[in-house]
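I opened this model to look up its sheets, its ligand site and a few single residues. My notes are below the view.

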Amino acid sequence: MNRIIATDRIHADRRDWRNLRQMLPYLSEFRGRALLAIACLVLAKVANVGVPLVLKDIVDALGTTPTGVLVLPLSLLLAYGVLKLSASLFNELRDVVFARVRYRAMRRLSTRVLDHLHRLALRDHLERRSGAVSRDLERGTRSVSTILNYVVFSVLPVLVEFALVAVLLLNQYAPTFVLIVFGTVVVYFVFTFAITEWRMDYRHRMNRLDSEANSQAFDSLTNYETVKYFGNERMELERYDGTLADWEEMAVKSQTSMSLLNFGQGAIIAIGVTLVMAFAADGVVSGQMSIGDLVLVNALMLQLFIPLGFLGIVYRQIKYALADMDLVFKLLERTPEIADAPGARPLVQRGGEIRFEQVHFHYQPTRPILKGIDLRIAPGQTIAVVGHSGAGKSTLARLLFRFYDVTGGRILIDGQDLREVTLESLRNAIGIVPQDTVLFNETIEYNLAYGRPRARREEIERAAEMAHIRDFIESLPDGWQTRVGERGLKLSGGEKQRVAIARAILKRPRILIFDEATSSLDSHTEQAIQRTLEEVAANHTTLVIAHRLSTVVGADQILVMDHGTIHEQGTHRSLLAAAGHYAAMWELQQREQSTVSPAEPRNMAAEDRP
Ligand SMILES: Nc1ncnc2c1ncn2[C@@H]1O[C@H](COP(=O)(O)OP(=O)(O)OP(=O)(O)O)[C@@H](O)[C@H]1O
Ligand SMILES: [Mg+2]
């Protein structure tokens, strides 16, 4: 058991060093500045150590006037003041000079992480909890700042100061002093490191529980409406509180162990200082040292230990920061499942022909979703895919966008395998009105223009008009500047859908996918939009996915999907004539339509009352 922990620790240490090395490139951008900051740091410390030296001379000068008349050692006092001032000046200069290095490193890392998160495949995103991701991201980038800060502002200064003090003591006094001072330092360090290592486990667990609690709270708030629908507030609270209870346990343990640590450190320092003072006082009594020497040794010792008391905290903070940083670098190490193949070329667009050849696909190996799909959409044609819920229709669209790779067979656009072209060019070529539209928490204008951020105002308005949403937008009190709320929740389903249609139109791709593009619209609006969609689709290769068969009657080909295969295929007319699955579905939907729609009472009368 112990051995496992030990190897774990070695492993963690090795990772820490590697993570620190990985941080270096972020600093190299301002190498000159970083060096300048270090120069300021050394100067500040030299001035700092100079202060007690001058103090000693002042004390001695005051004590040794032969006449008994005290003379003010003016130049010494002046030097004292100047040294104090420069210590503080160089300290501040160091901070100012280093600020840019540090914040730039944070900025670069944050951007890189977001970029990487975007590169990771959809699968990774569905598996991760976004609340936890954003906290990891935040803590991770903050950790970079913490580490830089502490190294430059605490660790390095202390090391420089140690070196200076050691030289000074060795030069002027008995080696006993160096022995006691640095002996105390060593004991202090060893004690601090040992206890801190032991405490880290609590802290880690505390962090993990903290993330978990946050992600639970985040989750329950994103599902606000669902929670209310089912009246499960109490359950949500209990779950959250349960996690917080564990967190509380760990936090209390963490605090208790910290107090132990702090007290131990205080005790070591107290013993060290007492010993030094005893030796110095003895030196003064026996005439080997002056009063000034006693003052100097005391001042140096205190000066050394003030930041040392701090160093315990610094060591802990650096350890935590390293743990946080590890999360970020682990995230960065995840290789994206879907990425450009080596030597991938931009998609060469011709007519926009799509071919699925014996496509097999599963999300999890144990559950095949597509089992050998063959389909061809000729350039400019419209193909409709219908089938029961869960048949794998939206999966076709996801595969076409290459959110996942097929597990068998291949998909070609204009004769090029999707896996051999660049993702950017592929995704540029396709426009989609997805089954569930999610909007950015921004204005309507922003969301609509998202289809082509460089589009001109007239083009945006035209697209809105084609999607039958312009009048609605302009009727709003804030018009185009209306904010749509989190995920677009302030718009109705149909309004969101029309925004999605408008931005797909605006994108002007060769290939269009409409995944239940009109499912949330009332029949009247649907009919109006249907015409627009047909117009837009006229010179595009189009894949239409729909439940309502009335929206696909005009398609060049209709495919009926069932259990991962294509069950039937043909035009509306030929499928009806075949009197198979499609014909049965059509029959059923026609009947439903007439039962629910009061607009057609005659049908109802005819069919429901034999
Ligand atoms: N990320 C995923 N991981 C695992 N299974 C998934 C995932 N996404 C979808 N599925 C499963 O794959 C099957 C096909 O899903 P798909 O979204 O393609 O269905 P669909 O035909 O579009 O259905 P609907 O008409 O309800 O939109 C479903 O049974 C679904 O549960
Ligand atoms: Mg679907």
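I am working on a predicted model, where local features need pLDDT of at least 70, side-chain atom pairs count only at pLDDT 80 or more, and totals for chains, interfaces and linings use all residues. Residues are numbered from 1 along each chain as its sequence is written, chains are lettered from A and ligands numbered from 1 in written order, and side-chain values use heavy atoms, with hydrogens and water left out.

Entry 1: I looked up the strand order first. This open sheet runs 2-1-4-5 with antiparallel pairing. Helices (H or I, at least four residues) and strands (E, at least two) are DSSP runs, numbered from the N terminus. Two strands pair if DSSP finds at least two bridges between them. Strand 2 and strand 5 (416–417) are the edges, and each pairs on one side only.

I then went through the pairs. Strand 1 and strand 2 run antiparallel and are joined by 8 bridges. A hairpin of 2 residues connects strand 1 to strand 2. On the other pairing, strand 1 meets strand 4 (residues 408–413) in the antiparallel sense over 5 bridges.

Which residues are the bridge partners of Ile 354? In strand 2 I find Ile 377. In strand 4 I find Ile 413. I also noted Phe 356, which stands opposite Ile 411 in strand 4. A reminder to myself: in a regular strand the side chains alternate between the two faces of the sheet.

I checked one pair. Strand 7 (residues 511–515) and strand 8 (residues 541–545) are parallel, with 5 bridges. Asp 515 has Ile 545 in strand 8 as its bridge partner.

**Entry 2: ligand 1.** I listed the shell next. There are 16 residues around ligand 1, and Arg 367, Ser 389, Lys 393, Thr 395 and Gln 435 come nearest. A residue is near a molecule if one of its heavy atoms lies within 4 Å of it.

Then I took the polar contacts (pairs of N or O atoms within 3.5 Å; within protein, one must be able to donate a hydrogen and the other to accept it, and residues adjacent in sequence count only if both atoms are side-chain atoms).
- Ser 389 puts a polar side-chain atom 2.6 Å from an oxygen atom of ligand 1.
- Gly 390 has a backbone N or O atom 2.8 Å from an oxygen atom of ligand 1.
- Ala 391 has a polar backbone atom 3.2 Å from an oxygen atom of ligand 1.

How much of ligand 1 does the protein cover? It covers 75% of the 640 Å² of accessible area that ligand 1 has on its own. Accessible areas come from the Shrake-Rupley method with a 1.4 Å probe; for residues, only the protein chains shown count as cover. Strand 1 (354–364), strand 2 (367–377) and helix 10 each give two or more residues to the shell. Helix 10 gives the most, with 4 residues.

**Entry 3: Met 250.** Met 250 lies in helix 8 (residues 233–285). Buried or exposed? Met 250 counts as buried because its relative accessibility is 10%. Buried means under 20% relative accessible area, exposed over 50%, partly exposed in between (1.4 Å probe, protein chains only). Not counting residues up to four places away in sequence, Met 250 touches Tyr 202, Arg 205, Met 206 and Leu 209.

**Entry 4: Arg 452.** I found Arg 452 in the loop between helix 12 (444–449) and helix 13 (457–466). A polar side-chain atom of Arg 452 lies 2.9 Å from the backbone oxygen of Leu 506.

Terms used: Contact = heavy atoms within 4.5 Å.
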